[in-house]
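Here's a quick look at a ligand and the space around it. Let's start with what counts as a pocket.

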Amino acid sequence: MPELPSPRPEGRRAPSTRDSALDPRSRALEEAADLAMKAPSVHNTQPWRIELQPDRLILRADRSRQLRALDPLGRELVLSVGAALLNARVALAARGWAVTVERVPDPGDGDLLAVVRPVEGSPEPGLAELAPAVGRRRTNRRRFTAHELPERLLRMLTSWARDEGATLVPVLSDTHRLLVTRLTQEADQLQNADPEYRAELRQWTTRPYAHGDGVPPEAVPHVTGREKEALPLRDFDSRGSGGLPPRTDPEAGQTLLLLTTAADDPGAWLRAGEAMERLLLELTRKDWVASPVTQAVEVPLTRTRLRSALTWDAHPQILLRIGRAEPTPSSPRRRRSEVVANSRRQPPPPPGAPHETPHPVDAPAGHRPVSDGRGGTTWT
Ligand SMILES: Cc1cc2nc3c(=O)[nH]c(=O)nc-3n(C[C@H](O)[C@H](O)[C@H](O)COP(=O)(O)O)c2cc1C
């Protein structure tokens, strides 16, 4: 296949030195993999495999990371991969590429979720400017302060969700808010009564830091057992060492938004994940914070009741609470080499390995640089 010219050479940022030997398309694909890896995922399982080819990025489900108790169908796994897909699209748009995206293209291969090809043409509108938000976005589980989402922003979020093939249902009336709260309480209780659910939660909240996955204590509220929150956040504090303050109830009405889709199959779940990440990035860009609160969408009984009361014939996929709060620490990510196959990027040198690049030109004449063993340099 002939090499396509770079449509807007190099977009906005200079390529990293590790990518400078690559052609523009490969460079953009490497960056798409970087951003995909930063997507949110259920319990921070990062249930994706990314394969790079010279002309495309392939996203696959990693079923070994599926939460069998919480997510037996793999709906939230696919949703998480959808979020990674949106980030890849953002990265390619930021480099000036248009894309073609095939979603769930092979009926015989349910793990193949998306194939993204950079092509000549105009980048998808509205995505490039979201690139800086990808690294800033966090799931924020703090108490939100009294700020209501302006109606104009709500209208824009609704329109962005529609662009991504989903429908946003704001939970506005007191009756509906109460119902969502009750159903979340009920679902939370049912889940916590299930030993397999609890074991899975414990497994993903006590991972060694080096694994680069799971929900770390720094990012979750400390649970004392005394707090009675109306809308219970999932209790991730399995070690009792949560780093955020215990109270999470908002000072005033936080905004609750339910993302829904017309169908309820892997294609729809993938779109729901793209829509969710699009909204989260748009909100991050405007200094709003958010966290998914998904217990009521996970338990079949409460999901059905949510659907009949709020969304008519559409299928609830994810509930988001939105507000303002102080930032929270980031959650870890897996090593790139474990997730991305066929990368053409030069891997960074292992710690302690000699520098690949020649030493600075200001070396004293006739002397050689030698590491002093503490990250500095002496001259012999
Ligand atoms: C499908 C899905 C469901 C999630 N459900 C919850 C939830 O119920 N409660 C919660 O606090 N976080 C939830 N999260 C957020 C993840 O825990 C979070 O994305 C992950 O720990 C990584 O952290 P980060 O988003 O700060 O990068 C969910 C995320 C996804 C994609």
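## Where the ligand sits

On a 1 Å grid over the protein atoms alone, a pocket is an open set of points with protein on both sides within 12 Å along at least five of seven lines. A molecule sits in one if more than half of its atoms lie within 2 Å of its grid points. By that test, the ligand is in the largest pocket.

This is a predicted model, where local features need pLDDT of at least 70, side-chain atom pairs count only at pLDDT 80 or more, and totals for chains, interfaces and linings use all residues. Residues are numbered from 1 along each chain as its sequence is written, and side-chain values use heavy atoms, with hydrogens and water left out.

## The shell

Count residues with a heavy atom within 4 Å of the ligand, and you get 21, the closest being R137, T139, R141, T294 and R333. Both domain 1 (22-138) and domain 2 (151-323) contribute to this shell, so the ligand lies between them; the bounds come from an automatic or database domain assignment.

## Polar contacts

For polar contacts (pairs of N or O atoms within 3.5 Å), R141 puts a polar side-chain atom 2.6 Å from a ligand oxygen, and R234 has one 3.0 Å from an oxygen atom of the ligand. T294 goes for nitrogen instead: its polar side-chain atom is 2.8 Å from a nitrogen atom of the ligand. Taken alone, the ligand exposes 620 Å², and the protein buries 98% of that (Shrake-Rupley method, 1.4 Å probe).

Definitions and conventions: Polar contact = N/O pair within 3.5 Å; in protein donor to acceptor, adjacent residues only side chain to side chain. 1 Å grid on protein atoms, 1.4 Å probe; cavity = no way out; pocket = protein on both sides within 12 Å on 5 of 7 lines; lining within 4 Å.
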